[in-house]
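Subject: Structure handover

Hello,

Here is the structure I promised. Please open it alongside this note, which goes through what turned up.

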Amino acid sequence: MQDPQQHPASAARSSLRQQARRLALAAGAGLLAAGATAAHAQSSVTFYGIVDSALQVGKFDRNISPTPMAASGNLQASRFGFRGAEDLGGGNSANFQLETGFNTDTGAGGGNTLFNRGASVGLSSRSYGSVDAGFLYLPIYWVFLSSDVSTYGLANPAAIMSLEHSSTLGSSGTGGFYPNAVRYRTPVLFGGLTSEIGYSFGAENNEGLNDAGRNAGANMQYTRERFTVGYGYNRYRYFAAGSPTVSSAQITQVLSGNYKIGDNAVGANYVHSTRSDATGWFASAFMVNAKIPFGQGDIELGAARRIQNGDAHAMAYDIGYVYFLSKRTQLYTYATTIRNNSRSTQGFALLNASYATVSPGFNPWAITAGLRTSF
(Lines give C-alpha, C1' and ligand atoms only; values in the text may rest on other atoms or scores of the structure.)
Protein backbone atom coordinates (compact mmCIF):
# COMPACT_ATOMS: atom_id res chain seq x y z
CA MET A 1 0.00 0.00 0.00
CA GLN A 2 1.33 3.45 -0.95
CA ASP A 3 2.47 5.75 1.90
CA PRO A 4 -0.15 8.58 2.09
CA GLN A 5 2.66 11.03 2.89
CA GLN A 6 4.76 10.05 -0.18
CA HIS A 7 4.81 12.60 -3.00
CA PRO A 8 3.09 11.25 -6.16
CA ALA A 9 6.23 11.86 -8.30
CA SER A 10 8.39 9.93 -5.80
CA ALA A 11 5.89 7.07 -5.82
CA ALA A 12 5.99 6.96 -9.61
CA ARG A 13 9.79 6.88 -9.62
CA SER A 14 9.76 4.08 -7.02
CA SER A 15 7.31 2.09 -9.13
CA LEU A 16 9.48 2.55 -12.23
CA ARG A 17 12.56 1.42 -10.32
CA GLN A 18 10.75 -1.72 -9.16
CA GLN A 19 9.64 -2.49 -12.72
CA ALA A 20 13.17 -1.94 -14.00
CA ARG A 21 14.54 -4.33 -11.37
CA ARG A 22 11.99 -6.96 -12.36
CA LEU A 23 12.90 -6.57 -16.05
CA ALA A 24 16.60 -6.81 -15.24
CA LEU A 25 16.04 -9.96 -13.21
CA ALA A 26 13.96 -11.47 -16.01
CA ALA A 27 16.60 -10.58 -18.62
CA GLY A 28 19.35 -12.04 -16.45
CA ALA A 29 17.39 -15.25 -15.99
CA GLY A 30 16.89 -15.45 -19.74
CA LEU A 31 20.59 -14.98 -20.41
CA LEU A 32 21.47 -17.63 -17.83
CA ALA A 33 19.01 -20.04 -19.43
CA ALA A 34 20.43 -19.33 -22.88
CA GLY A 35 23.96 -19.80 -21.57
CA ALA A 36 22.98 -23.09 -19.97
CA THR A 37 21.46 -24.25 -23.26
CA ALA A 38 24.58 -23.24 -25.22
CA ALA A 39 26.81 -24.95 -22.68
CA HIS A 40 24.72 -28.11 -22.91
CA ALA A 41 24.78 -28.10 -26.72
CA GLN A 42 28.48 -27.09 -26.84
CA SER A 43 28.10 -25.68 -30.34
CA SER A 44 31.08 -24.01 -31.96
CA VAL A 45 31.85 -22.32 -35.27
CA THR A 46 35.43 -21.52 -36.31
CA PHE A 47 36.41 -19.05 -39.02
CA TYR A 48 39.86 -19.90 -40.36
CA GLY A 49 42.07 -19.19 -43.33
CA ILE A 50 45.46 -18.98 -45.01
CA VAL A 51 46.85 -16.01 -46.95
CA ASP A 52 49.92 -16.77 -49.07
CA SER A 53 51.54 -14.40 -51.56
CA ALA A 54 54.81 -14.82 -53.45
CA LEU A 55 57.08 -13.65 -56.22
CA GLN A 56 58.40 -16.19 -58.69
CA VAL A 57 60.65 -16.28 -61.72
CA GLY A 58 61.06 -19.19 -64.08
CA LYS A 59 61.53 -20.40 -67.59
CA PHE A 60 58.32 -22.27 -68.24
CA ASP A 61 58.85 -23.32 -71.87
CA ARG A 62 61.42 -23.22 -74.62
CA ASN A 63 59.82 -20.39 -76.60
CA ILE A 64 59.52 -17.84 -73.76
CA SER A 65 62.08 -15.83 -71.79
CA PRO A 66 62.47 -16.21 -68.01
CA THR A 67 59.33 -14.64 -66.59
CA PRO A 68 59.02 -12.83 -63.21
CA MET A 69 55.48 -12.64 -61.81
CA ALA A 70 53.39 -12.33 -58.68
CA ALA A 71 51.78 -15.53 -57.46
CA SER A 72 49.36 -16.79 -54.83
CA GLY A 73 49.64 -19.91 -52.73
CA ASN A 74 53.13 -21.10 -53.60
CA LEU A 75 53.63 -22.61 -50.14
CA GLN A 76 49.99 -23.39 -49.42
CA ALA A 77 46.86 -22.38 -51.32
CA SER A 78 45.18 -19.22 -50.01
CA ARG A 79 41.71 -19.98 -48.63
CA PHE A 80 39.18 -19.23 -45.93
CA GLY A 81 36.42 -21.32 -44.46
CA PHE A 82 33.97 -22.09 -41.69
CA ARG A 83 34.06 -25.21 -39.57
CA GLY A 84 31.36 -26.03 -37.03
CA ALA A 85 30.34 -28.77 -34.63
CA GLU A 86 27.55 -29.46 -32.15
CA ASP A 87 27.88 -31.95 -29.32
CA LEU A 88 24.82 -34.21 -29.42
CA GLY A 89 25.79 -36.09 -26.27
CA GLY A 90 26.92 -39.66 -25.76
CA GLY A 91 30.07 -39.15 -27.84
CA ASN A 92 28.07 -38.08 -30.90
CA SER A 93 28.27 -34.78 -32.80
CA ALA A 94 27.03 -33.01 -35.92
CA ASN A 95 29.53 -31.10 -38.03
CA PHE A 96 29.92 -29.03 -41.19
CA GLN A 97 32.72 -27.43 -43.20
CA LEU A 98 32.65 -24.82 -45.98
CA GLU A 99 35.89 -23.69 -47.64
CA THR A 100 36.79 -21.55 -50.64
CA GLY A 101 40.08 -20.56 -52.26
CA PHE A 102 41.18 -17.21 -53.65
CA ASN A 103 44.13 -15.58 -55.37
CA THR A 104 45.99 -12.90 -53.42
CA ASP A 105 47.50 -11.37 -56.58
CA THR A 106 44.12 -10.66 -58.22
CA GLY A 107 41.59 -10.97 -55.39
CA ALA A 108 39.57 -13.37 -57.53
CA GLY A 109 37.99 -16.53 -56.22
CA GLY A 110 39.80 -19.76 -56.83
CA GLY A 111 37.12 -21.47 -58.90
CA ASN A 112 33.73 -21.35 -60.55
CA THR A 113 31.89 -22.51 -57.42
CA LEU A 114 31.39 -20.60 -54.18
CA PHE A 115 32.98 -23.25 -51.96
CA ASN A 116 35.46 -24.71 -54.42
CA ARG A 117 37.59 -26.31 -51.70
CA GLY A 118 34.84 -28.39 -50.14
CA ALA A 119 31.35 -28.22 -48.67
CA SER A 120 30.08 -30.95 -46.36
CA VAL A 121 27.80 -31.86 -43.47
CA GLY A 122 27.92 -34.99 -41.36
CA LEU A 123 27.54 -36.94 -38.15
CA SER A 124 30.31 -38.53 -36.10
CA SER A 125 30.57 -40.94 -33.20
CA ARG A 126 33.55 -41.83 -31.06
CA SER A 127 32.40 -45.47 -31.15
CA TYR A 128 31.16 -45.91 -34.71
CA GLY A 129 33.05 -43.41 -36.88
CA SER A 130 31.68 -40.65 -39.11
CA VAL A 131 29.53 -40.10 -42.21
CA ASP A 132 29.83 -36.96 -44.36
CA ALA A 133 28.11 -35.85 -47.55
CA GLY A 134 28.78 -33.02 -50.02
CA PHE A 135 31.68 -31.82 -52.17
CA LEU A 136 34.57 -33.91 -50.83
CA TYR A 137 38.01 -35.38 -51.30
CA LEU A 138 37.62 -39.12 -51.68
CA PRO A 139 39.74 -41.63 -49.70
CA ILE A 140 42.79 -41.92 -51.98
CA TYR A 141 43.70 -38.27 -51.42
CA TRP A 142 44.47 -38.72 -47.72
CA VAL A 143 46.91 -41.57 -48.41
CA PHE A 144 48.65 -39.41 -51.02
CA LEU A 145 48.81 -36.47 -48.60
CA SER A 146 50.32 -38.45 -45.72
CA SER A 147 53.45 -39.15 -47.76
CA ASP A 148 54.30 -35.43 -47.96
CA VAL A 149 56.23 -34.49 -44.83
CA SER A 150 56.91 -30.90 -45.89
CA THR A 151 55.93 -28.25 -43.41
CA TYR A 152 52.28 -27.96 -44.39
CA GLY A 153 51.51 -30.99 -46.54
CA LEU A 154 51.19 -30.62 -50.31
CA ALA A 155 53.21 -27.47 -49.69
CA ASN A 156 56.16 -27.88 -51.97
CA PRO A 157 55.07 -25.64 -54.74
CA ALA A 158 55.90 -27.21 -58.02
CA ALA A 159 57.88 -30.16 -59.17
CA ILE A 160 57.09 -33.03 -56.89
CA MET A 161 53.33 -32.79 -56.48
CA SER A 162 52.85 -31.23 -59.90
CA LEU A 163 54.53 -34.23 -61.47
CA GLU A 164 52.42 -36.80 -59.64
CA HIS A 165 49.15 -34.90 -59.86
CA SER A 166 49.43 -34.70 -63.62
CA SER A 167 49.92 -38.47 -63.79
CA THR A 168 46.40 -38.91 -62.42
CA LEU A 169 44.96 -35.49 -63.07
CA GLY A 170 41.60 -34.15 -61.91
CA SER A 171 38.61 -36.24 -60.96
CA SER A 172 40.26 -39.35 -62.33
CA GLY A 173 43.11 -39.38 -59.84
CA THR A 174 44.48 -38.35 -56.48
CA GLY A 175 43.64 -34.65 -56.61
CA GLY A 176 40.48 -32.61 -56.76
CA PHE A 177 37.10 -32.65 -55.07
CA TYR A 178 34.22 -34.91 -56.05
CA PRO A 179 30.61 -33.67 -56.29
CA ASN A 180 27.57 -35.39 -54.79
CA ALA A 181 29.83 -37.52 -52.62
CA VAL A 182 29.31 -39.50 -49.43
CA ARG A 183 32.01 -41.08 -47.27
CA TYR A 184 32.32 -43.19 -44.13
CA ARG A 185 35.34 -43.17 -41.81
CA THR A 186 35.93 -45.73 -39.11
CA PRO A 187 37.05 -44.80 -35.62
CA VAL A 188 40.63 -45.69 -34.71
CA LEU A 189 40.87 -49.50 -34.52
CA PHE A 190 43.49 -51.83 -33.02
CA GLY A 191 45.58 -48.99 -31.65
CA GLY A 192 46.21 -47.16 -34.92
CA LEU A 193 44.25 -48.51 -37.91
CA THR A 194 41.74 -46.31 -39.75
CA SER A 195 39.79 -46.92 -42.95
CA GLU A 196 37.51 -44.93 -45.22
CA ILE A 197 35.18 -45.63 -48.13
CA GLY A 198 33.70 -43.01 -50.44
CA TYR A 199 31.40 -42.72 -53.44
CA SER A 200 30.56 -39.86 -55.80
CA PHE A 201 27.34 -39.93 -57.83
CA GLY A 202 28.91 -37.68 -60.47
CA ALA A 203 27.46 -34.54 -62.02
CA GLU A 204 24.09 -33.09 -60.99
CA ASN A 205 22.53 -33.88 -64.35
CA ASN A 206 23.55 -37.55 -64.38
CA GLU A 207 20.02 -38.58 -63.27
CA GLY A 208 21.11 -42.19 -62.92
CA LEU A 209 21.09 -42.77 -66.68
CA ASN A 210 24.75 -43.86 -66.81
CA ASP A 211 27.73 -44.24 -64.55
CA ALA A 212 30.07 -41.79 -66.32
CA GLY A 213 31.47 -39.35 -63.78
CA ARG A 214 30.82 -41.68 -60.87
CA ASN A 215 33.72 -42.37 -58.56
CA ALA A 216 34.39 -44.96 -55.85
CA GLY A 217 37.34 -45.41 -53.52
CA ALA A 218 38.70 -46.74 -50.26
CA ASN A 219 41.77 -46.52 -48.09
CA MET A 220 43.49 -48.06 -45.07
CA GLN A 221 46.12 -46.33 -42.95
CA TYR A 222 48.03 -47.48 -39.89
CA THR A 223 49.72 -44.95 -37.62
CA ARG A 224 52.03 -45.45 -34.69
CA GLU A 225 54.11 -42.90 -32.79
CA ARG A 226 56.82 -42.43 -35.44
CA PHE A 227 55.42 -43.84 -38.69
CA THR A 228 52.36 -44.09 -40.94
CA VAL A 229 51.74 -46.53 -43.79
CA GLY A 230 48.74 -46.51 -46.09
CA TYR A 231 47.06 -47.83 -49.22
CA GLY A 232 44.44 -46.06 -51.35
CA TYR A 233 42.27 -47.20 -54.27
CA ASN A 234 40.17 -45.14 -56.67
CA ARG A 235 37.90 -46.09 -59.62
CA TYR A 236 36.65 -43.29 -61.86
CA ARG A 237 34.15 -43.84 -64.70
CA TYR A 238 34.18 -41.75 -67.90
CA PHE A 239 33.28 -41.81 -71.60
CA ALA A 240 36.29 -42.17 -73.86
CA ALA A 241 36.45 -40.27 -77.14
CA GLY A 242 34.38 -42.08 -79.75
CA SER A 243 32.51 -44.16 -77.14
CA PRO A 244 29.54 -42.04 -76.03
CA THR A 245 27.50 -44.99 -74.76
CA VAL A 246 30.08 -47.30 -73.16
CA SER A 247 31.89 -45.97 -70.10
CA SER A 248 35.50 -46.74 -69.33
CA ALA A 249 37.32 -46.72 -65.99
CA GLN A 250 40.53 -45.28 -64.62
CA ILE A 251 41.98 -47.27 -61.73
CA THR A 252 44.48 -45.47 -59.48
CA GLN A 253 46.33 -47.03 -56.55
CA VAL A 254 48.67 -45.40 -54.04
CA LEU A 255 51.06 -46.84 -51.48
CA SER A 256 52.56 -44.34 -49.06
CA GLY A 257 54.45 -43.98 -45.81
CA ASN A 258 56.28 -41.53 -43.58
CA TYR A 259 58.76 -41.94 -40.74
CA LYS A 260 60.10 -39.57 -38.09
CA ILE A 261 63.73 -39.71 -37.01
CA GLY A 262 64.05 -37.37 -34.06
CA ASP A 263 62.88 -34.00 -35.38
CA ASN A 264 63.55 -35.06 -38.98
CA ALA A 265 60.95 -36.68 -41.20
CA VAL A 266 60.99 -38.61 -44.48
CA GLY A 267 58.05 -39.66 -46.66
CA ALA A 268 57.54 -41.62 -49.86
CA ASN A 269 54.80 -42.90 -52.14
CA TYR A 270 54.19 -44.94 -55.26
CA VAL A 271 51.28 -44.16 -57.62
CA HIS A 272 50.04 -46.47 -60.40
CA SER A 273 47.16 -45.60 -62.73
CA THR A 274 45.64 -47.31 -65.79
CA ARG A 275 42.65 -46.69 -68.08
CA SER A 276 40.46 -49.34 -69.67
CA ASP A 277 39.78 -47.54 -72.97
CA ALA A 278 41.48 -48.34 -76.26
CA THR A 279 44.34 -45.82 -75.79
CA GLY A 280 46.31 -48.12 -73.51
CA TRP A 281 47.11 -45.20 -71.22
CA PHE A 282 49.01 -45.82 -68.00
CA ALA A 283 51.22 -43.83 -65.66
CA SER A 284 53.25 -44.55 -62.57
CA ALA A 285 55.24 -42.30 -60.29
CA PHE A 286 57.19 -42.38 -57.08
CA MET A 287 58.21 -39.61 -54.72
CA VAL A 288 60.56 -39.26 -51.77
CA ASN A 289 60.82 -36.11 -49.66
CA ALA A 290 62.36 -34.98 -46.38
CA LYS A 291 62.06 -32.23 -43.78
CA ILE A 292 65.17 -31.31 -41.78
CA PRO A 293 64.96 -28.68 -39.00
CA PHE A 294 67.69 -26.05 -39.40
CA GLY A 295 67.97 -22.83 -37.41
CA GLN A 296 64.55 -21.23 -37.01
CA GLY A 297 63.02 -23.19 -39.85
CA ASP A 298 62.98 -26.33 -42.00
CA ILE A 299 64.97 -27.43 -45.03
CA GLU A 300 62.65 -29.15 -47.52
CA LEU A 301 63.99 -31.68 -50.04
CA GLY A 302 62.19 -33.76 -52.63
CA ALA A 303 62.54 -35.85 -55.78
CA ALA A 304 60.02 -37.62 -57.99
CA ARG A 305 59.97 -39.71 -61.15
CA ARG A 306 57.06 -40.33 -63.51
CA ILE A 307 56.78 -42.89 -66.32
CA GLN A 308 53.92 -42.74 -68.81
CA ASN A 309 52.91 -44.72 -71.87
CA GLY A 310 54.77 -43.72 -75.01
CA ASP A 311 58.10 -43.93 -73.14
CA ALA A 312 57.61 -40.47 -71.59
CA HIS A 313 59.87 -40.14 -68.55
CA ALA A 314 60.32 -37.14 -66.25
CA MET A 315 62.25 -36.40 -63.06
CA ALA A 316 61.57 -33.54 -60.65
CA TYR A 317 63.82 -32.00 -57.99
CA ASP A 318 62.94 -29.52 -55.28
CA ILE A 319 64.83 -27.74 -52.49
CA GLY A 320 63.48 -25.07 -50.17
CA TYR A 321 63.66 -23.37 -46.80
CA VAL A 322 60.75 -22.30 -44.58
CA TYR A 323 61.61 -19.71 -41.89
CA PHE A 324 59.22 -19.39 -38.94
CA LEU A 325 58.53 -15.80 -37.91
CA SER A 326 55.91 -17.29 -35.56
CA LYS A 327 53.76 -20.40 -35.34
CA ARG A 328 51.34 -18.90 -37.84
CA THR A 329 53.60 -16.82 -40.12
CA GLN A 330 56.45 -18.02 -42.31
CA LEU A 331 58.83 -16.74 -44.98
CA TYR A 332 59.80 -19.29 -47.61
CA THR A 333 61.89 -19.82 -50.72
CA TYR A 334 62.08 -22.73 -53.16
CA ALA A 335 64.02 -23.72 -56.26
CA THR A 336 62.69 -26.49 -58.48
CA THR A 337 63.18 -28.08 -61.88
CA ILE A 338 61.72 -30.85 -64.04
CA ARG A 339 63.92 -32.92 -66.37
CA ASN A 340 61.96 -34.31 -69.32
CA ASN A 341 63.18 -36.90 -71.78
CA SER A 342 62.55 -36.29 -75.49
CA ARG A 343 59.03 -37.76 -75.30
CA SER A 344 57.88 -36.06 -72.09
CA THR A 345 56.05 -32.70 -71.89
CA GLN A 346 55.68 -32.25 -68.10
CA GLY A 347 55.39 -28.60 -66.97
CA PHE A 348 54.72 -26.68 -63.76
CA ALA A 349 50.97 -27.13 -63.52
CA LEU A 350 50.89 -25.83 -59.92
CA LEU A 351 53.10 -22.78 -60.55
CA ASN A 352 51.89 -21.67 -63.96
CA ALA A 353 48.67 -23.19 -65.28
CA SER A 354 49.40 -21.81 -68.76
CA TYR A 355 52.42 -24.12 -68.97
CA ALA A 356 51.11 -27.35 -67.50
CA THR A 357 52.78 -28.96 -70.53
CA VAL A 358 55.92 -27.88 -72.35
CA SER A 359 57.70 -28.60 -75.61
CA PRO A 360 58.90 -32.22 -75.74
CA GLY A 361 62.22 -32.59 -73.96
CA PHE A 362 62.29 -29.07 -72.46
CA ASN A 363 63.41 -28.77 -68.81
CA PRO A 364 61.51 -25.97 -67.01
CA TRP A 365 62.80 -24.37 -63.82
CA ALA A 366 61.45 -21.90 -61.25
CA ILE A 367 62.46 -20.02 -58.10
CA THR A 368 59.88 -18.62 -55.70
CA ALA A 369 59.90 -16.63 -52.45
CA GLY A 370 56.90 -15.59 -50.39
CA LEU A 371 55.07 -15.01 -47.15
CA ARG A 372 52.37 -17.21 -45.64
CA THR A 373 50.19 -16.43 -42.63
CA SER A 374 47.17 -18.18 -41.15
CA PHE A 375 44.30 -17.31 -38.85
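Start with the rings. Phe47, Phe80, Phe82, Phe102 and Phe375 are linked into a cluster by ring pairs. Rings of Phe, Tyr and Trp (its six-membered ring) pair if their centres lie within 6.5 Å; planes under 30 degrees apart count as stacked, over 60 as edge-to-face and the rest as tilted.

Before going on, some ground rules. This is a predicted model: local features need pLDDT of at least 70, side-chain atom pairs count only at pLDDT 80 or more, and totals for chains, interfaces and linings use all residues. Residues are numbered from 1 along each chain as its sequence is written, and side-chain values use heavy atoms, with hydrogens and water left out.

**Overall**

The protein chain has 3 helices and 17 strands. Helices (H or I, at least four residues) and strands (E, at least two) are DSSP runs, numbered from the N terminus. Of the 375 residues, 41% are buried. Buried means under 20% relative accessible area, exposed over 50%, partly exposed in between (1.4 Å probe, protein chains only). Among contacts (heavy atoms within 4.5 Å) between residues at least 6 apart in sequence, 54% join residues at least 24 apart.

**Aromatic pairs**

The ring rule gives 14 aromatic pairs. One of them is stacked: phenylalanine 60 with tyrosine 355, at 6.3 Å centre to centre and 15° between the planes. This pair links distant parts of the chain, 295 residues apart. Phenylalanine 60 sits in the loop between β1 (44-59) and β2 (67-72), tyrosine 355 in the loop between β16 (329-340) and β17 (365-374). Phenylalanine 60 counts as buried because its relative accessible area is 1%. Tyrosine 355, at 23%, is partly exposed.

Tyrosine 141 and tryptophan 142 pair edge-to-face, 4.9 Å centre to centre with 80° between the planes. Here tyrosine 141 is buried at 7% relative accessibility, while tryptophan 142 is partly exposed at 26%.

**Core**

Phenylalanine 60 also belongs to the largest nonpolar core, which has 10 residues. Among the others are Ile64, Met287, Phe348, Leu351 and Ala366. Such a core is a set of buried Ala, Val, Leu, Ile, Met, Phe, Trp, Tyr and Cys residues joined through side-chain atoms within 4.5 Å. Beyond four places in sequence, the contacts of phenylalanine 60 include Thr67, Met69, Phe348, Leu351, Tyr355 and Ala366.

**Two buried residues**

Leucine 138 lies in the loop between β6 (129-136) and α2. It is buried, at 0% relative accessibility. Glutamate 196 is 58 residues from leucine 138 along the chain, yet their C-alpha atoms are separated by 8.7 Å.

Arginine 183 is in strand β7 (residues 178-185). Is arginine 183 buried or exposed? Arginine 183 is buried, with a relative accessible area of 10%. With residues up to four places away left out, its contacts include Asp132, Tyr137, Trp142, Glu196 and Gly198.

Regards
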